[in-house]
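Hello,

Please find the structure below, with its sequence. My notes on it follow.

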Amino acid sequence: MDDWREKQELLVMDGRIKVPYRWFAGEVGTRYLESLRDQGVFLGTRCPQCGIVYHIPRRNCPDCFEECSEWVELGREGTLESYTVVRKHHPQLSVLPLPYGYGIIKLDGADTGFLHLIGEFDEEDLAVGARVEAVFSDAREGNILDVKYFRPTGGVE
Ligand SMILES: [Zn+2]
């Protein structure tokens, strides 16, 4: 039987699909997001074996697999470990007025950093080691954008 594909140049079309999704935040994620929404408090979890405090909190330590059953209250301030500045508008991705940033922020009391937005800055205020503080949204909904962004406080660690 002839296969039409043998005599045909196979063309490939590039495309994009949008896949909206929702998923349950789980016990640990729900406690974390409720604390942010209702008290404006960042929580982490500590591994009882190696002592690492994880933020975002984890149920199990990815290093030694112990259950991280101890909850730790973290600061609203932290240190910028890495960052980039966005200067070009993107219709789907621009979430703050330009320029804004993305940074890895290690909150006071945590041993691990997490990715979030940086706003309200002069570029000379941004540096690895710069101190930053959380700016909370007025209307909190129980997601990570209950923290609008982090802004520099002027200090450097
Ligand atoms: Zn551990």
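Before the rest, two notes on conventions. The model is predicted, so local features need pLDDT of at least 70 and side-chain atom pairs count only at pLDDT 80 or more, while totals for chains, interfaces and linings use all residues. Numbering starts from 1 along each chain, as its sequence is written.

Strand 3 pairs with strand 1 (residues 43-46) in the antiparallel sense, over four bridges. Pairing here requires that DSSP finds at least two bridges between two strands. Three strands form an open sheet with antiparallel pairing, in the order 2-1-3. Its edge strands, strand 2 (53-54) and strand 3 (70-73), each pair on one side only.

From the N terminus on, the order is α-β-β-β-β-β-β-β-β. The radius of gyration, taken over C-alpha atoms, is 21 Å, well over the 15 Å that the globule rule (2.2 Å times the number of residues to the power 0.38) gives for 157 residues, so the protein is more spread out than a compact globule. The C-alpha trace spans about 70 × 40 × 30 Å along its principal axes.

Of the 157 residues, 20% are buried, that is, with 20 or more other C-beta atoms within 10 Å of their own, C-beta atoms being placed from the backbone.

Regards

Definitions and conventions. Helix = DSSP H or I, 4+ residues; strand = E, 2+ residues; numbered from the N terminus. Buried ≥ 20, exposed ≤ 12 C-beta atoms within 10 Å, placed from the backbone.
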